[in-house]
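Reader: I would like to go through this model term by term. Please set each label against its cut-off.

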Amino acid sequence: MVIVSIFYFHSKLMSERLLIRALKGGKNTKIVTLTGKKITKMPSTLGKLSGLNTLVLQNNQVSKVCPELGTLSQLTVLHLGNNLLKEVPEELKYLKSLKKLHLFGNRIWRFSPGACDGLQNLVLLNLNKNQLTCLPQEICRLYSLTYLSINYNQLSSIPKEVCFLENLSELQLNYNQITHIPEEIKLLKNLKKLFLVRNNIGSLPEGICHLMKLRVLDIAGNLVQMFPSLFQNLKLKELYCEENPLFLKQPVHALELENVWTLQVRAKIILSSL
């Protein structure tokens, strides 16, 4: 197995001739790391490395992927973090072996049509620190996905289609502008960790109470005032809810004393479970 790592090119010496010389392993080359600050164009000669399974091109200035990327049928890991991409590339649909995709720190505001079509084996997708305001319905095609992170974007809602990713075990949507969680969240039966820090969420749906595998819930820095009635049924190990206006509603006067007593007992049960 050949591993090639080239760090910090100090000029535009990243010519195809230099790359070919560096990648003498040809089809035996499995890992290529081109980490630096000067690469502006993805080298098309990567298409000649048919056996490549890991490609790292983070911390560069790549604004568009080359068409040859779609020929890397054995690629399982792709790092394109901290570049200048404006969309999730359409060429990804040909990477049917891809399992981990890192696109954090770009300028991505949309998914190219068809980008999700061939990513049935993708298990990890990192889109942190981009400019997404919405997600396409086609994201439900990533049915093998177990980890989805879209922190620090501009999402205003969680599309129902995300809730159809039944294998998802961790969902991170911190630092967005989300105001509403769909009732369909209950369909994420395998979800173990849910992070919704610093959004504009006013309430939690009853559906969240059906997530029996959920162990970590972080809703810090939102607008939540009350938990759903069945919230105590969750088997949480970690709950973070600071900086929410919880339990600040004005008390309601009951007509009968026994109703007041029942409410107090119920409140104690909920608080003890937290």
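Author: Contact means heavy atoms within 4.5 Å. Leaving aside neighbours within four places in sequence, Leu78 is in contact with Leu55, Leu69, Leu92, Leu95, Leu98, Lys100, Leu101 and His102. This is a predicted model, in which local features need pLDDT of at least 70 and side-chain atom pairs count only at pLDDT 80 or more, while totals for chains, interfaces and linings use all residues. Residues are numbered from 1 along each chain as its sequence is written, and side-chain values use heavy atoms, with hydrogens and water left out.

Reader: What makes a set of residues a nonpolar core, and which members touch the most others in the largest one?

Author: A nonpolar core is a set of buried Ala, Val, Leu, Ile, Met, Phe, Trp, Tyr and Cys residues joined through side-chain atoms within 4.5 Å. The largest has 67 residues, of which Leu55, Leu69, Leu78 and Leu148 touch the most other members.

Reader: Why is Gln131 called partly exposed?

Author: Buried means under 20% relative accessible area and exposed over 50%, with partly exposed in between (1.4 Å probe, protein chains only). Gln131 has a relative accessible area of 37%, so Gln131 is partly exposed. Gln131 lies in the loop between strand 8 (124-126) and strand 9 (147-149); strands (E, at least two residues) are DSSP runs, numbered from the N terminus.

Reader: Which residues does Gln131 touch, not counting those up to four places away in sequence?

Author: Gln131 touches Arg107, Ile108, Trp109, Asn153 and Gln154. Arg107 is 24 residues from Gln131 in sequence, and their C-alpha atoms are 5.8 Å apart.

Reader: Why are Asn59 and Tyr152 called partly exposed?

Author: The relative accessible area is 30% for Asn59, which is therefore partly exposed. Tyr152 is also partly exposed, because its value is 41%. Asn59 is in the loop between strand 3 (54-56) and strand 4 (77-79), and Tyr152 in the loop between strand 9 and strand 10 (170-172).

Reader: What is the phi of Asn59 and of Tyr152?

Author: Asn59 has a positive phi of about 60 degrees although it is not a glycine. Tyr152, also a residue other than glycine, has a positive phi near 55 degrees. Most residues other than glycine have a negative phi.

Reader: How confident is the predictor in the chain?

Author: pLDDT is the predictor's confidence in each residue, from 0 to 100. The protein chain averages 86, and 80% of the residues score at least 70. Over residues 259-274 the pLDDT is below 50. Where pLDDT is low, the predicted coordinates should not be read in detail.

Technical notes: Helix = DSSP H or I, 4+ residues; strand = E, 2+ residues; numbered from the N terminus.
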